[in-house]
Amino acid sequence: MPIVIAGVFLWLTKGWWLLGLAAVLGLAHWLGLRGWKLLALGVILWLAVAAGVHHAPDSRFAWAVHWSADGMIWMLVIGLIALGAGQGLAFLHRRNIAPGHDAPGLVPLRRAAPAVAPKAPVSDPELDRYARHIVLREIGGPGQAALRRANVLVVGAGGLGAPVCLYLAAAGVGRITVADDDRVSLSNLQRQVIFRSSDDGRPKADAARDAMRALNPLVEITPLNRRVTAADTALIAGHDLVIDGSDSFASRQAVNLACARAGVPLVAGSIAQWEGQLTVWDPARGAPCMACIFPEAPAQGLAPACAEAGVVGPLPGVIGAMMALEAIKLIAGAGEPLRGRMLIFDGLYSENRLMKISRRAACPVCGSGHLPPG
Ligand SMILES: [Zn+2]
């Protein structure tokens with residue numbers, strides 16, 4: 001359709017020279033020019049053509065371009081204003097899906113957790129331990145205090161849960177609950193870097209607790225040797241944030257439902273083979289929930305678990321560390337979390353893609369669709 005409109009426009013205005021401009025810009029894009037640099041090149045070429053026409057209106061060049069210099073300048077001005085307005089609207093839209101710039105993150109909106117001395121300022125050993133956070137403008141003392149007050153539930157202590165648990169404990173997240181009903185096996189150790197060979201056969205939640213305690217004795221860890229289900233709304237409502245690294249669609253669906261009911265944001269990641277994706281499901285703050293985007297389970301065999309399909313060892317490290325990063329941003333109120341956006345990482349070709357995602361009005365979990373009673 002856009003090609004048809006462009007063709008009609010060229011035919012009506014006899015602006016065939018635009019094909020040459022498009023070819024030059026296409027070549028520049030192919031050579032790696034992007035964003036404002038590509039735009040600047042387009043504007044410069046446009047102005048050069050307009051100047052050529054203005055300088056010699058009776059030349060073969062002006063005849064070939066067919067447009068007047070004045071008309072070209074007006075078209076450029078109108079085009080740039082439209083582009084600026086579009087960018088402005090997109091910026092406002094992003095701000096709307098990511099409220100929370102006014103409050104330093106999630107935690108101050110909720111009660112304080114008595115992890116370490118609840119209201120004490122950040123102490124000397126903590127100043128040392130978290131020094132690299134405290135010097136960051138976006139975290140600083142208030143952000144670090146918010147991390148200490150935070151109460152986070154990590155669902156699944158597997159490949160994604162391992163870096164999530166380690167980085168959250170290292171970052172000083174005051175209370176961490178880790179839920180997993182599985183036991184450590186040798187085949188986990190290729191990627192679940194929170195476990196040691198000596199953990200073989202132990203419950204994952206217990207082994208993860210010990211690793212986090214050894215890393216940071218200042219944080220309070222609660223292991224849950226069970227799965228989190230859709231009935232766990234009360235458990236989830238007692239946390240500021242849930243991070244889901246579980247490996248089955250049914251489990252992720254259940255956690256999404258319970259989080260949507262409790263109004264708690266959910267950092268969700270998933271991986272298979274060489275590719276991973278992550279986002280923040282948060283229907284209570286305008287972002288979609290998982291059921292908005294994935295209303296139904298994929299057909300049998302289309303999304304096999306890692307045990308069948310395989311997964312390259314560092315991939316859960318990449319995606320899990322990004323999930324921990326999103327959690328820290330959400331808690332400290334830093335930057336723009338992935339609300340309403342999904343990041344897709346292709347490890348085999350080292351490519352990142354960012355997709356915009358929106359809430360669905362008829363979503364059965366967060367929209368007007370039928371919400372199963374809780
Ligand atoms: Zn939804």
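1. Helix H12 (residues 249-262) holds these buried residues: Arg252, Ala254, Val255, Asn256, Leu257, Ala258, Cys259, Ala260, Arg261 and Ala262. A residue counts as buried if 20 or more other C-beta atoms lie within 10 Å of its own, as exposed if 12 or fewer do, and as partly exposed in between, with C-beta atoms placed from the backbone. Since ten of the 14 residues of H12 are buried, the helix is largely enclosed by the rest of the structure. Helices (H or I, at least four residues) and strands (E, at least two) are DSSP runs, numbered from the N terminus.

2. The model is a predicted one, in which local features need pLDDT of at least 70 and side-chain atom pairs count only at pLDDT 80 or more, while totals for chains, interfaces and linings use all residues. Residue numbers start from 1 along each chain as its sequence is written.

3. What covers H12? The cover of its buried residues includes strand E1 (151-155), helix H11 (233-237), E4, E5, E6 and helix H13 (290-293). Contact here requires that the C-beta atoms of two residues, placed from the backbone, lie within 7 Å. The end C-alpha atoms of H12 are 20 Å apart, which agrees with the 20 Å that its 14 residues should span at 1.5 Å a residue. The expected span of a helix is 1.5 Å times one less than its number of residues. Gly263 follows H12 and has a positive phi, near 70°.

4. H12 also links two strands. Strand E4 (residues 241-244) pairs with E5 in the parallel sense over three bridges, and the chain crosses from E4 through H12 to E5 in a right-handed β-α-β crossover. Strands pair if DSSP finds at least two bridges between them. A crossover is right-handed if, with the strands pointing away from the viewer, the path from the first strand over the helix to the second runs clockwise. Asp244 stands opposite Ala268 in E5.

5. Strand E5 (residues 266-272) has six buried residues out of seven, so it is largely enclosed by the rest of the structure. With strand E6 (residues 275-281), E5 pairs in the antiparallel sense over seven bridges. Ala272 stands opposite Glu275 in E6. The hairpin of E5 and E6 has two residues between the strands, and Gln273 takes a positive phi near 55° there.

6. Strand E1 has buried residues on both faces: Asn151, Leu153 and Val155 lie on one side, and Val152 and Val154 on the other. In a regular strand the side chains alternate between the two faces of the sheet. E1 pairs in the parallel sense with strand E2 (residues 175-179) over five bridges; the chain crosses from E1 to E2 through helix H9 (residues 161-171), and this β-α-β crossover is right-handed. Four bridges join E1 to E4, and these strands run parallel. Val155 has Ala179 as its bridge partner in E2 and Asp244 as its bridge partner in E4.

7. Leaving aside neighbours within four places in sequence, Glu326 is in contact with Val267, Leu278, Val280, Pro337 and Leu338. The C-alpha atoms of Glu326 and Thr279 are separated by 8.5 Å, although the two residues are 47 residues apart along the chain.

8. Helix H3 (residues 35-55) has 21 residues, which should span 30 Å at 1.5 Å a residue; its end C-alpha atoms are 30 Å apart, in agreement. Val49, Ala50 and Val53 are the buried residues of H3. They cover an arc of only 100° around the axis, which puts them on the same side of H3; the arc is that of the directions from the helix axis to the C-beta atoms. Trp36, Lys37, Ala40, Ile44, Ala48 and His55 are exposed on the other side of H3.

9. Helix H1 (residues 2-13) is hardly covered, and the count of buried residues among its twelve residues is zero. Lys14 follows H1 and has a positive phi, near 55°.

10. Some overall figures complete the note. The protein has 15 helices and eight strands, and 37% of its 374 residues count as buried. An automatic or database domain assignment divides the protein into domain 1 (2-97) and domain 2 (111-356). The C-alpha centres of domain 1 and domain 2 lie 46 Å apart.
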